[in-house]
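Have a look at the sequence and the structure first, then try each task before you read its solution.

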Amino acid sequence: MTETTRGAGTAKVGAAHVMAPAVVFAVPVLKLAWTLGGGDAARDALLAMGPANWVDVVIGMFFAEPVLAVVLAAVLSYIGYAYRAAHGGAARHQGRALAETTARAAIVPGALGVVVGAFNGLWWGVAAGVLGYLLRLGVVAEYRTGARSAVTGHRTGRAAATFRDRAVEAVRVAALVLSVAVLPVFSVVAALDGRSWTSVLLCDVDTGSGPRRARLVELDRQAPGVVGWDVPAHEVVSGTNCAADPYDVLRAPWWRR
């Protein structure tokens, strides 16, 4: 195997490892900016939320959207396992029984499946856990069949001559496609769909010109009410006597404008 080929294989894995953190970090900001109507709105909302509530956007986006939650859980399962294997994990555990290796590989996908299932229902959780586990088994199979070196973590260039080898290669390609294409595309679509990532409330608001009823996007809870984004007034306000608004669309999706 040439150094060029090795470098290309490593770059692909690197792209998968970089893409997921980049999406989780950047796309929620895009969600805020588009949904609330601009960069200034996103900044004001972030300041009102505070760092402690930043995870609410991530949860609201990635774990309350069933398909996106499944893809993210599967990608996180894959990249974490592949990274550890390529950086000494596979070499350290070469003597471990296959049954033990496959059992250990199920722990993280199972945990993520529970999280996804808690937000979206049992079968979405099962789908997330099973898909993440299958991608991890693909990593195990790469090292067990010699398609990837346990010493260097690089692909060996071994031709896929058998059905098992082709299946292992198919799983690897599927993992890369999910990581570098499906996850970012689905995430951007979810960011630009115009729906709120959190509760939308109808609250009493008084900004100095008398009380009025306003539609707020909840940013933080503070007794006796909430801090929210006033959709009509386009500003951060405090609201009391709030009731849930089941209609969570705040803006038309990007593709309909």
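**Exercise 1: The largest pocket**

The largest pocket has a volume of about 490 Å³. The structure is a predicted model, in which local features need pLDDT of at least 70 and side-chain atom pairs count only at pLDDT 80 or more, while totals for chains, interfaces and linings use all residues. Residues are numbered from 1 along each chain as its sequence is written, and side-chain values use heavy atoms, with hydrogens and water left out.

Task: find which residues are closest to the centre of the largest pocket, and which helix supplies the largest share of its lining.

Solution. 

Step 1. Start with the terms. On a 1 Å grid over the protein atoms alone, a pocket is an open set of points with protein on both sides within 12 Å along at least five of seven lines, and lining residues have an atom within 4 Å of a point. Points are joined across faces, edges and corners, and the volume is the space filled by probe spheres (1.4 Å probe) set on them.

Step 2. Of the 19 lining residues, Tyr81, Gly89, Ala90, His93 and Thr101 are the closest to the centre.

Step 3. Now turn to the helices (DSSP runs of H or I, at least four residues, numbered from the N terminus). At least two lining residues come from each of α4 (66-92), α5 (98-105), α6 (107-120) and α7 (122-144). The largest share, six residues, belongs to α4.

**Exercise 2: Two salt bridges**

Task: for Arg212 and Asp230, work out how many Å separate N from O, and which parts of the chain the pair ties together.

Solution. 

Step 1. A salt bridge is a side-chain nitrogen of Lys or Arg within 4 Å of a carboxyl oxygen of Asp or Glu. Arg212 and Asp230 form one, at 2.6 Å from N to O.

Step 2. Arg212 sits in strand β2 (residues 212-222) and Asp230 in strand β3 (residues 225-230), so their bridge ties together parts 18 residues apart in sequence. Strands are DSSP runs of E, at least two residues.

Step 3. Check accessibility: buried means under 20% relative accessible area, exposed over 50%, and partly exposed in between (1.4 Å probe, protein chains only). Arg212 is partly exposed at 28%, whereas Asp230 is buried at 0%.

Step 4. Compare another pair. Arg215 and Asp245 meet in a salt bridge of 2.7 Å, N to O. This pair links strand β2 with the segment after β4 (235-244), 30 residues apart. Both Arg215 and Asp245 are buried.
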